[in-house]
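User: I would like to learn how to read the features of a protein model. Please take me through one, feature by feature.

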Amino acid sequence: MTLPVLTASNWKAWLCGWLRAQPELAALVSTRVYSKLPAAKVWPAVRVARTAGGPIEETGGYLHDPLFQLDVFADDEATAERVMSTLAAVVAARLVGTHTVNTATVTVTSAVVGPIHEGWDDTAETVARHRSSLRLTTHI
């Protein structure tokens, strides 16, 4: 039996789609959850970047441990903090389990949000930017 293998870009698309579907997060950012920020930026927004992880050795591509960087951009720190804390709470409450997004069904067995780093964006000093990591353990 051949198991489907998600590539790095598929994991980002899968996670972005899952985050967009969470009503508490959508109430704050609408559909502005991206893997790449658009040229015309509207805040607040979330950017998801895959930074590491992949298939776990000797599992034939069945188990994965993708690591993501989550960035929240907003006009002020209070909004950035509210979006990041909502994002972390939704992940903690709902991401573990089996989910189908964009026709890919994934079972998440652990989701660990790392420390949250608060501050301002390096390229736009008037934009608050809060950052955290997200490590998943998954099987497909």
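User: Is E24 buried, partly exposed or exposed?

Analyst: Start with the cut-offs. Buried means under 20% relative accessible area, exposed means over 50%, and partly exposed lies in between (1.4 Å probe, protein chains only). E24 has a relative accessible area of 35%, so E24 is partly exposed. A word on the basis: this is a predicted model, where local features need pLDDT of at least 70, side-chain atom pairs count only at pLDDT 80 or more, and totals for chains, interfaces and linings use all residues. Residues are numbered from 1 along each chain as its sequence is written, and side-chain values use heavy atoms, with hydrogens and water left out.

User: Which residue forms a salt bridge with E24?

Analyst: The criterion first. A salt bridge is a side-chain nitrogen of Lys or Arg within 4 Å of a carboxyl oxygen of Asp or Glu. For E24 the partner is R94, and the closest N and O atoms are 2.6 Å apart. This pair links distant parts of the chain: E24 sits in helix 2 (residues 23-29) and R94 in helix 3, 70 residues apart. Helices (H or I, at least four residues) and strands (E, at least two) are DSSP runs, numbered from the N terminus. R94 is partly exposed because its relative accessibility is 32%.

User: How many salt bridges does a search of the whole structure find?

Analyst: Five. One of them joins the side chains of R47 and D71, at 3.2 Å from N to O. R47 lies in strand 2 (residues 45-52) and D71 in strand 4, so the pair ties together parts that are 24 residues apart in sequence. R47 has a relative accessible area of 21%, so R47 is partly exposed. D71 is at 0% relative accessibility and therefore counts as buried.

User: Where do D65 and R135 lie, the two residues whose side chains meet in another salt bridge?

Analyst: D65 is in the loop between strand 3 (63-64) and strand 4, while R135 is in strand 7 (residues 128-139), 70 residues apart. Their N to O distance is 3.5 Å. D65 counts as partly exposed because its relative accessibility is 23%. R135, at 30%, is therefore partly exposed too. Salt bridges can also share partners: R47, D71, R129 and R131 are joined that way into one network.

User: Which residues form the negative surface patch?

Analyst: The rule has several parts. Patch residues have over 30% relative accessible area and no salt bridge; like charges are joined within 9 Å, and nonpolar side chains (Val, Leu, Ile, Met, Phe, Trp, Tyr) within 5 Å. Asp and Glu count as negative, Lys and Arg as positive, and His and the chain ends are not counted. Here the members are D75, D76, E77, E81 and E118. D75 lies in the loop between strand 4 (67-74) and helix 3 (77-95). D75 is exposed because its relative accessible area is 51%.

User: How many bridges pair strand 4 with strand 7, and in which sense?

Analyst: Two strands pair if DSSP finds at least two bridges between them. Strand 4 and strand 7 have eight, in the antiparallel sense. Within that pairing, L70 has S132 as its bridge partner. Strand 7 also pairs antiparallel with strand 6 (residues 104-113), over six bridges. There V113 stands opposite L134. Strand 3 joins strand 7 through two bridges, again antiparallel, and H64 stands opposite T138.

User: Which strands join strand 2?

Analyst: Strand 4 joins strand 2 by seven antiparallel bridges. A49 pairs with Q69 there. Strand 1 (residues 33-34) joins strand 2 by two bridges and runs parallel to it. Y34 has R47 as its bridge partner.

User: What should I look for in the backbone angles?

Analyst: Most residues other than glycine have a negative phi, and most peptide bonds are trans. S30 has a positive phi of about 60° although it is not a glycine. S30 lies in the loop between helix 2 and strand 1. The peptide bond from W43 to P44 is cis, with omega near 0°. P44 is in the loop between strand 1 and strand 2.

Terms used. Accessible areas come from the Shrake-Rupley method with a 1.4 Å probe; for residues, only the protein chains shown count as cover. The place of a charge is taken as NZ of Lys, CZ of Arg, CG of Asp or CD of Glu.
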